Amino acid sequence: MLQPLRETCRRLLQDGIVQVVIGYGQAVRAVEPYPVFITDPDDVGQLVWNEQCRTNLVKYLLRKEIRVLGKPAIVVKGCDERAIVVLEQESQIDRSQIVVIGVACDGMAEPRCEVCDAHQPRFADHTIGHATNETQPAERRYAHLCEFLEQPPSDRMAYWKAELERCVKCYACRQACPLCYCERCIVEKNRPACLDTSATLKGNFAWHIVRAFHLASRCVGCDQCSRVCPEGIDLRLVNLSMARASEASFGHRSGTDPQAELVLGNYSQQDQEHFIR
Amino acid sequence: MRPMTNIYQPDLMEVLDVQQQTTDVKSVRVRFRDDARGDDFLFRVGQFGMFSLFGYGESTFNICSSSNWKDFVEFCFRRTGRVTEALWSLEKNDTIGFRGPYGNSYPMDKWIGKNLIFIGGGIAMPPLRCAIWYALENREQFGDITIVYGARRVQDLVFRQELDRWAEYDRVRVVPCVDPGGETPNWTGEVGFVPAVTERAQIPAGNAVALVIGPPVMIKFTLPVLAKMGLADRDIYTSLENRMKCGVGKCGRCNCGPVYVCKEGPVFTLEQLKSLPNEY
Amino acid sequence: MSQIISKPAIRRLVERWLRQGKRVIAPVQVRPNLVSYQPVRSPDQVLLEGFVRPLNSIKQVVFPRHEQLFQYRVRGKQIDLLPAPLPDVERIVLAARPCDAAALPILDHVFNWEFRDATYNRRRELTTVVTLACTEYDAHCFCTSVGSQPNDTRGSDALLLDLGDQTLEVRCVTDKGQSLFAGQTEASTRTAPTGPGPERRADLRRVGQQLEQAFERSEWAAWTNRCLGCGACAYGCPACHCFDMVDEGGPTCGARVRNWDACQFGQFTLHASGHNPRNAQSQRQRQRIYHKFHVYPNKFGELLCTGCGNCTRNCPVSLGVLPVLEAIQAEGAK
């Protein structure tokens with residue numbers, strides 16, 4: 001897997017098709033791989049691929065520090081590339097100016113990998129390796145959420161209070177999210193100040209609810225927010241909840257179909273309204 | 001060391017007067033609600049205060065009145081953010097919060113016997129004004145005084161009426177200027193950018209110190225002019241405007257290279273500035 | 001002669017402290033992979049072994065992530081300011097790591113730099129810190145690289161060292177520590193050996209000189225480009241102390257509060273005019289490194305870092321101070 005990956009990247013850089021490869025690297029001492037930005041074809045040896053490449057690199061397509069490096073090629077897993085699909089649908093990237101290198105993945109030992117139906121990338125320009133995409137029935141994909149929802153509402157509220165009590169508002173969830181791309185996040189706006197910036201229970205609830213609102217029907221379930229949270233808050237539950245609502249009410253699974261119409265970008269008289277009260 | 005009071009709790013001040021200076025700049029005169037606090041209050045020109053409106057927050061402004069004035073403290077702001085937007089609707093008798101004075105100051109004692117050159121642009125007049133009035137009120141201590149002050153347009157000049165009053169003092173030369181296109185039919189001042197006007201003004205630089213405050217681009221192009229005139233880096237002063245929250249060297253926001261601007265600034269010589277990273 | 005105490009006896013002490021109305025903060029297993037300093041409700045929650053270090057820090061005990069500075073009430077033209085209630089509950093931090101406690105005397109400098117911060121100092125007085133020397137380390141630990149060690153007593157009132165068989169050696173460091181354990185320990189001849197600590201990877205006490213030459217290096221972007229600009233490093237750091245001040249509430253009543261802030265956020269230095277003195281992430285990373293290893297030591301004589309490694313542990317992309325400093329040193333060695 002690694003050799004063809006490096007070879008593909010070397011060729012893309014050498015032929016001048018791209019100026020930078022966004023991939024995974026790993027220093028000898030480092031505990032896990034981290035994002036690297038390769039600009040010299042001779043440096044492709046720094047690229048690694050292993051079962052710990054858990055970062056969704058798509059975020060870097062939007063970071064201005066990386067944009068200045070030139071036209072990118074990006075290494076993605078089948079789950080990561082869904083974010084590229086959404087970014088293109090939302091006109092945040094010009095897909096023709098990005099080379100997507102999909103790498104088949106057997107799972108990264110993350111909770112979401114157990115119910116993954118995107119082991120093999122589907123929209124990449126180059127695909128390395130082969131894996132099989134098994135259809136996962138909805139009840140399996142949302143099992144983690146359903147299990148949680150079996151608790152009575154008061155227990156769920158108590159759970160979220162205990163979890164969000166720990167949130168320090170480091171905004172790692174937002175910064176790691178490939179779909180949180182606002183130039184100025186609503187929590188940073190102060191004219192008017194819509195949300196308390198304080199990391200109090202009230203401010204934390206407000207923050208995570210507003211973030212969920214802004215990601216509803218858009219979130220692709222890469223669960224980076226959950227992965228990076230230093231307080232271990234299981235934001236995956238929120239992501240699953242949004243995805244399930246979007247799928248149940250609009251038949252929309254974000255980032256799985258480049259031709260699909262966006263839930264929030266389209267209105268139809270057939271749209272469901274049962275949740276508006 | 002100071003006694004352990006709440007260093008973040010402001011004093012209350014009463015608004016005495018609000019003057020609209022330009023379309024988006026106002027100056028405000030305030031007085032301590034607590035007379036005793038007012039009687040004790042001392043500051044040095046160049047220092048700043050944290051001014052606040054409760055429910056909106058605090059903002060950092062230079063105290064633009066002279067330290068010789070005992071009846072009020074004056075500050076000046078441009079309407080740009082949450083706090084200044086709220087301050088814009090201040091009226092006489094309103095109450096604001098004030099903490100200060102903070103920071104270092106212009107070394108007026110060190111400037112005794114020197115010729116003074118004040119150069120400013122736009123909203124930078126207030127931090128020059130306190131020093132100008134101080135120098136005029138201690139006129140015999142200082143040599144020739146030259147004031148070059150420019151704005152985009154005539155109506156953008158802050159404290160415009162005071163320019164004429166300063167010019168009436170002995171050995172004071174005021175050179176007002178506006179950017180090309182910003183002049184009005186009856187404008188008698190210069191037309192041109194501050195660096196060019198400064199160069200044209202043929203200001204004698206012997207035994208002089210200069211205080212230069214303005215937008216970064218104005219400062220950038222004025223410094224070579226001053227160097228050409230023969231001023232040494234240690235004789236050129238400016239006041240930095242880094243963003244601050246606490247004002248008392250705690251919150252870390254105004255840290256720039258080795259200094260906390262709120263405590264070791266805001267006033268620096270060009271010589272000091274050159275040892276700082278360009279992060280102000 | 002040394003003083004010892006059994007772990008069950010410590011837990012009985014915790015029970016007593018809680019009954020006395022004291023607040024006890026200790027490492028708690030929040031979930032399988034997460035140990036965190038939390039207020040404890042019962043003695044069995046306290047972890048006394050089996051963890052490297054919590055992912056947060058004890059700075060929250062003296063410098064909470066959110067605190068009211070004062071309250072305001074506006075009635076017409078009448079404005080009243082009410083002081084925020086001063087903290088008055090005694091707190092005991094138990095089984096803190098030495099790399100956490102060592103940050104407290106470092107923080108004391110800035111919170112007493114000419115202007116003394118009343119609530120910080122009040123909390124500091126009310127807090128007794130009992131540390132637990134480390135016996136296990138992970139790849140992110142680097143206390144030995146900043147001149148510290150696993151049984152460093154800086155900032156501790158008492159240090160506990162594991163003797164095995166459910167017994168701890170107690171070394172009281174201050175009067176506070178003495179009085180906390182007075183009559184609770186037994187004399188013994190056993191003393192805990194000093195462990196080697198994590199491998200010493202560099203002498204970061206001297207990196208400041210190197211940094212003086214490195215400020216303008218063009219590699220800063222390459223070293224730090226992967227930074228996503230969140231505050232996970234700063235908020236998990238025992239020594240980072242930047243804060244924001246905002247008014248919360250309405251125009252008639254509310255409070256001026258202070259909240260943790262972090263220099264990696266793009267808005268941190270953004271002026272109302274739109275000018276941003278540190279516009280690029282690499283500048284913000286550089287600022288964090290310089291503040292810790294150059295600015296602070298030059299001002300206060302101590303690094304603003306205790307080598308706990310939380311910045312890297314918490315970083316979504318494995319950055320943090322050590323990887324950056326090692327990159328600088330590697331370049332310097334070329």
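Modeller: A nonpolar core is a set of buried Ala, Val, Leu, Ile, Met, Phe, Trp, Tyr and Cys residues joined through C-beta atoms within 7 Å. In this structure, which is a predicted model, the largest such core has 250 residues.

Biologist: Which residues have the most contacts inside this core, and which helix gives the most to the core?

Modeller: The residues with the most contacts inside the core are A:Ile74, B:Ala131 and B:Ala210, while the helix that gives the most to the core is α3 of chain B (residues 125-137), with 8 residues. In soluble globular proteins, nonpolar side chains tend to be buried together.

Biologist: What does B:Ala131 touch, once residues up to four places away in sequence are not counted?

Modeller: B:Ala131 is in contact with B:Val45, B:Gly46, B:Tyr106, B:Phe118 and B:Leu211.

Biologist: Why is C:Asp100 called buried?

Modeller: The label requires 20 or more other C-beta atoms within 10 Å, and C:Asp100 has 27 of them, so C:Asp100 counts as buried. This residue lies in helix α3 of chain C (residues 98-101), and, leaving aside neighbours within four places in sequence, C:Asp100 is in contact with C:Ser57, C:Ile58, C:Pro238 and C:Cys308. C:Gln285, by contrast, is 185 residues from C:Asp100 in sequence and 22 Å away in space, C-alpha to C-alpha.

Biologist: How do you know whether A:Asp223 and B:Asn207 are buried or exposed?

Modeller: For A:Asp223 the count is 23 C-beta neighbours inside 10 Å, which meets the cut-off of 20 or more, so A:Asp223 is buried. For B:Asn207 the count is 11 other C-beta atoms within 10 Å, and because 12 or fewer means exposed, B:Asn207 is exposed.

Biologist: What backbone phi does each of these two residues have, and where does each one lie?

Modeller: A:Asp223 has a positive phi of about 60 degrees although it is not a glycine, and its place is the loop between α8 and α9 (224-228) of chain A. B:Asn207, likewise not a glycine, has a positive phi of about 50 degrees and lies in the loop between α5 (194-200) and β11 (208-213) of chain B.

Biologist: How do you know which angle class describes α6(A) and α8(A)?

Modeller: The axes of α6 (residues 153-166) and α8 (residues 201-215) of chain A come within 9 Å and cross at roughly 100 degrees. Angles of 65 to 115 degrees count as roughly perpendicular, and therefore α6(A) and α8(A) are roughly perpendicular to each other. Their contact is made by A:Lys161, A:Leu164 and A:Glu165 of α6(A) with A:Leu201, A:Asn204, A:Phe205 and A:His208 of α8(A), and by class it has 3 nonpolar, 2 polar and 2 charged residues.

Biologist: Why is the packing of α7(C) against α10(C) called roughly perpendicular?

Modeller: Helix α7 (residues 207-214) and helix α10 (residues 281-300) of chain C pack at an angle of about 105 degrees, with their axes 9 Å apart. That angle falls in the range 65 to 115, so α7(C) is roughly perpendicular to α10(C). Here C:Val207, C:Gly208 and C:Leu211 in α7(C) meet C:Tyr290, C:Phe293, C:His294 and C:Pro297 in α10(C), and these residues divide into 5 nonpolar, 2 polar and no charged.

Biologist: What makes up the contact between the two domains of chain A, and what makes up that of chain B?

Modeller: The domain assignment of chain A gives domain 1 (2-128) and domain 2 (138-250), with 25 Å between their C-alpha centres. The contact takes 15 residues from domain 1 of chain A and 16 residues from domain 2 of chain A, and the domain 1 side has 7 nonpolar, 2 polar and 6 charged residues. For chain B the assignment gives domain 1 (11-102) and domain 2 (115-239), whose C-alpha centres lie 24 Å apart. That contact takes 15 residues from domain 1 of chain B and 14 residues from domain 2 of chain B, and its domain 1 side divides into 5 nonpolar, 9 polar and 1 charged.

Methods: Residues numbered from 1 in each chain as written. Chains lettered and ligands numbered in written order. Predicted model: local features only at pLDDT ≥ 70, side-chain atom pairs only at ≥ 80, totals over all residues. Domains from an automatic or database assignment. Contact = placed C-beta atoms within 7 Å. Nonpolar A, V, L, I, M, F, W, Y, C, P; charged D, E, K, R; others polar. Axes fitted to C-alpha atoms, helices over the stretch in contact; angles between N-to-C directions. Helix = DSSP H or I, 4+ residues; strand = E, 2+ residues; numbered from the N terminus. Parallel < 35°, antiparallel > 145°, perpendicular 65-115°, else oblique.
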